[in-house]
Amino acid sequence: MSAAAIRPRTGDATVRKIKFRILPLLVVLYIIAFIDRANVGFVAKEMNADLGITTAQFGLAAGLFSIGYFLFEVPSNILMRKVGARKWIARILVSWGIVAVICGFVQDFTQLAIIRTLLGVAEAGFFPCVILYLSYWFPERERARVVALFMIALPLATVIAAPLSGLILDNVHWAGLESWRWVFILQGAPAIILAAVTLFVLVDSPAKAKWLTTEEKTWLETTLQAERDAKVQRHGHVSFWRSLAGGRVLALSLIYYSKSVAIYVLAFFTPQIIAAASTQLSNTAVGYINAVPYGVAAIFMVYWARHSDKKRERRWHVGIPLIAAGLGLALMPFAVNNLLLSIVLLTVITVAVYATYGPFWSLPSLFLTGQSAAVGLAAINSLANLGGFIGPFAFGALKDSTGNNNWGLAMVSVTCLIAAAMVVGLKFVKQAEATARIAEEEADAQAQLVTTGDNK
């Protein structure tokens with residue numbers, strides 16, 4: 001029986017079942033991951049003072065996470081295909097949890113820089129492993145929504161971590177250790193604990209899922225295989241080297257790089273920007289205020305991804321938010337010492353940047369399959385996440401040299417606007433999107449015919 005014939009009765013129910021079975025755990029894991037890589041921003045004021053770290057040194061140490069991530073991400077994704085998602089993701093959790101806890105015991109800038117690099121090495125591959133893993137379970141037409149549901153973890157991580165870190169900083173001084181050290185220790189431990197949960201809950205592939213019926217497996221496997229065959233027919237087989245560093249991969253990496261610059265500058269420096277806007281705020285108050293933009297972003301990014309899937313359009317759903325983020329960043333210098341205006345602009349910028357996630361990660365799947373998908377997804381994320389190093393380091397250096405945030409904000413603004421122009425104008429993106437839309441419309445028409453025939 002064809003996938004189109006099964007879809008009206010089984011497809012939607014199968015997708016819902018898979019979402020409820022695997023997405024909640026993956027979201028929790030990504031929340032922990034982002035907290036452990038970004039909590040250095042919440043402790044920056046106290047940590048920098050205790051360790052004698054300058055703003056430029058802090059930006060360098062914070063960004064070194066991305067260097068370790070960059071070096072080991074592609075090998076990690078390749079190994080996941082050989083080892084299996086369940087065991088490999090659990091291994092990543094244990095590794096980064098241990099390193100995250102150790103971060104609470106650093107004594108100087110050099111140790112902090114080394115631990116941040118090792119944290120990137122330990123976590124390398126988690127995100128692209130999950131994106132690849134989701135492609136084993138969900139058809140293309142569901143991909144933007146599913147990715148957005150997974151990546152809602154990012155704004156939720158800050159909603160949780162910002163006030164939690166503030167509370168720890170203001171109230172936890174156990175065993176004679178500074179409170180900022182307890183932020184790292186307490187927030188790093190859950191990753192180690194959740195490794196055991198991952199081994200129990202995750203399944204490597206639909207074929208091994210005992211909770212799917214034979215009919216559900218048939219529909220899913222038939223649908224995904226038809227999509228893989230269609231990609232090969234449209235784009236041919238993508239070689240290892242083209243999936244690693246081909247023109248399309250490099251172009252998408254540059255677009256995603258702009259997002260990484262903005263995300264990590266926001267993560268590492270927003271608490272300092274909010275604190276500078278008002279000298280009357282406690283660490284706890286800064287944490288709660290910092291959570292506001294991310295709470296709004298969590299809601300909007302799911303809506304935006306659903307809208308992208310509904311319209312079957314990706315380019316402008318990435319481009320428009322990047323334009324909004326670029327304009328918001330350009331206006332930030334006018335909000336200096338104005339807490340309300342700072343919060344409004346930071347909310348616009350944060351919402352816009354996070355809105356790009358779901359639609360963007362639907363773009364590589366338009367032409368990457370199999371081993372090329374494993375390599376290509378990791379390469380895009382790996383190369384782009386260099387923005388997590390360059391952005392914070394450049395922002396910190398510009399602030400040290402100029403005495404304010406204006407030039408750093410301008411740098412991030414220009415980066416976002418260039419990426420918006422690229423994603424809207426790239427010819428191969430237009431063509432792949434148009435071809436995929438036609439294929440989906442044909443599949444819908446076939447399914448409608450089958451449904452009509454069944455009703456008769």
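A: In this predicted model, Asn-39 lies in the loop between α1 (3–38) and α2 (44–51). Helices (H or I, at least four residues) and strands (E, at least two) are DSSP runs, numbered from the N terminus. The model is a prediction in which local features need pLDDT of at least 70 and side-chain atom pairs count only at pLDDT 80 or more, whereas totals for chains, interfaces and linings use all residues. Residues are numbered from 1 along each chain as its sequence is written, and side-chain values use heavy atoms, with hydrogens and water left out.

Q: Is Asn-39 buried or exposed?

A: Buried means under 20% relative accessible area, exposed over 50%, and partly exposed in between (1.4 Å probe, protein chains only). Asn-39 has a relative accessible area of 1%, so this residue is buried.

Q: Which residues is Asn-39 in contact with, leaving aside its neighbours within four places in sequence?

A: Contact means heavy atoms within 4.5 Å. By that criterion, Asn-39 touches Val-183, Phe-184 and Gln-187.

Q: Where is Gly-376 placed, and is Gly-376 buried or exposed?

A: Gly-376 belongs to helix α17 (residues 370–384). Because its relative accessibility is 0%, Gly-376 counts as buried. Its C-alpha atom is separated by 7.8 Å from that of Pro-364, 12 residues apart along the chain.

Q: How is a pair of helices read, and at what angle do α8 and α13 cross?

A: Two packed helices are described by the angle between their axes and the distance between the axes. Axes are lines fitted to C-alpha atoms, for helices over the stretch in contact, and angles run from 0 to 180 degrees between N-to-C directions. The axes of α8 (residues 153–171) and α13 (residues 283–311) come within 7 Å and cross at roughly 170°. Therefore α8 is roughly antiparallel to α13, a label for angles over 145 degrees. The residues of this contact comprise 13 nonpolar, seven polar and one charged; nonpolar covers Ala, Val, Leu, Ile, Met, Phe, Trp, Tyr, Cys and Pro, charged covers Asp, Glu, Lys and Arg, and the others, Gly among them, are polar.

Q: What does the chain contain as a whole, and how many of its residues reach a pLDDT of 70 or more, in percent?

A: The protein chain has 20 helices and zero strands, and buried residues make up 59% of its 456 residues. pLDDT is the predictor's confidence in each residue, from 0 to 100. The chain's mean pLDDT is 85, with 87% of residues at 70 or more.

Methods
Parallel < 35°, antiparallel > 145°, perpendicular 65-115°, else oblique.
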